[in-house]
Each structure stands twice: as structure tokens, then as C-alpha cells.
Amino acid sequence: MVSTGEREDRLFAALANGTRREVLRLLRDRGPQPVQALASHFDMRRPSLSEHLKVLREAGLVSGERAGRQRIYRIEAFRLAEVRDWLGPYERLWHERTCQRTCERTSEAPE
């Protein structure tokens with residue numbers, strides 16, 4: 001069984017790579033796609049892309065389904081909600097600090 005900390009580590013490690021983020025963007029923008037369609041967007045061999053897809057699958061960010069001889073991948077957006085939830089407290093902190101700086105500048109402005 002995978003602990004919550006390990007799941008988060010896998011999730012953020014998967015998102016740390018630019019190729020994997022681009023795969024997610026392609027699936028978001030263009031919908032489910034076979035590996036061949038995804039591979040056409042990258043200058044790498046298919047086995048290398050398959051490794052990236054494996055990392056994304058293990059992180060729960062994509063799922064793959066057989067359709068004949070192809071595997072069709074789709075984004076699993078619910079895992080991205082976990083990222084949003086994890087970042088939520090930091091977003092509030094950024095917002096508070098931004099508001100505080102804006103208020104400080106406004107109160108320092110000459111009348």
C-alpha cells in the first residue's frame with residue numbers, strides 16, 4: 001500500500017518534468033490520444049515517451065486503455081485537484097502578502 005506522502009511525491013515528481021507536463025497539456029487540449037499521436041509532438045523515440053507515460057500512469061495523472069492494437073491515453077484531472085488542494089494554503093498566503101504590500105504602498109502614497 002502506498003502512503004499519502006509517497007503518492008504526493010509521485011505526483012509532484014511526475015509534474016516536475018517538462019515533457020510530462022507537455023503530455024498533460026496535449027491530453028487536456030486535444031482529448032484522449034494514442035501513443036503514436038502523442039509521440040509525433042516530441043523529438044524522442046517511442047520507448048522514451050512510453051517511460052514518461054508510465055510515470056504519469058503511476059502518479060495517477062493519466063490512464064491508458066487498449067483499443068485494438070493501440071493504447072489510448074486520457075488525462076485524469078482529479079489528481080490535479082489534489083495539487084490545487086495542496087497549493088491552496090500557499091495561495092492564501094501569497095494573496096495575503098500581496099494585499100498587505102498593496103495596502104502598505106497605498107498608505108505610503110502622498111496625499
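Residues are numbered from 1 along each chain as its sequence is written. Because the model is predicted, local features need pLDDT of at least 70 and side-chain atom pairs count only at pLDDT 80 or more, while totals for chains, interfaces and linings use all residues; side-chain values use heavy atoms, with hydrogens and water left out.

The sheet itself is open and consists of three strands in the order 1-3-2, with antiparallel pairing. Strand 1 (33-34) and strand 2 (62-67) are the edge strands, each with a single partner, so one side of each has no neighbour in the sheet. Helices (H or I, at least four residues) and strands (E, at least two) are DSSP runs numbered from the N terminus, and two strands pair if DSSP finds at least two bridges between them. Strand 2 and strand 3 (residues 70-75) run antiparallel and are joined by six bridges. Val62 is found opposite Ile75 of strand 3. The hairpin of strand 2 and strand 3 has two residues between the strands, and in this hairpin Gly68 adopts a positive phi near 70°.

Two helices pack on this sheet. Helix 2 (residues 18-30) touches strand 1, strand 2 and strand 3, and its direction makes about 85° with that of strand 3. Helix 4 (residues 46-58) touches strand 2 and strand 3, at about 115° to the direction of strand 2. Contact here means heavy atoms within 4.5 Å; axes are lines fitted to C-alpha atoms, for helices over the stretch in contact, and angles run from 0 to 180 degrees between N-to-C directions.

The two helices also meet each other: the axes of helix 2 and helix 4 come within 10 Å and cross at roughly 75°. Helix 2 is therefore roughly perpendicular to helix 4, a term that covers angles of 65 to 115 degrees. Helix 2 contributes Thr19, Arg20, Val23 and Leu24 to the contact, and helix 4 contributes Leu49, His52, Leu53, Val55 and Leu56. Of these residues, six are nonpolar, two polar and one charged.

The largest nonpolar core has 19 residues, and those with the most contacts inside it are Val23, Leu38, Leu49, Leu53, Leu56, Leu61 and Tyr73. Such a core is a set of buried Ala, Val, Leu, Ile, Met, Phe, Trp, Tyr and Cys residues joined through side-chain atoms within 4.5 Å. Helix 1 (4-15), helix 2, helix 3 (35-39) and helix 4 each give two or more residues to this core, and helix 2 supplies the largest share, four residues. Beyond its neighbours up to four places away in sequence, Tyr73 touches residues including Leu27, Leu38, Leu53 and Gln33.

Gln33 lies in strand 1 and is buried, with a relative accessible area of 7%. Buried means under 20% relative accessible area, exposed over 50% and partly exposed in between, with a 1.4 Å probe and protein chains only. Glu76, in the loop between strand 3 and helix 5 (78-108), is partly exposed at 21% relative accessible area. Leaving aside residues up to four places away in sequence, Glu76 touches Gly60, Leu61, Val62 and Ser63.

How values were computed
Parallel < 35°, antiparallel > 145°, perpendicular 65-115°, else oblique. Nonpolar A, V, L, I, M, F, W, Y, C, P; charged D, E, K, R; others polar.
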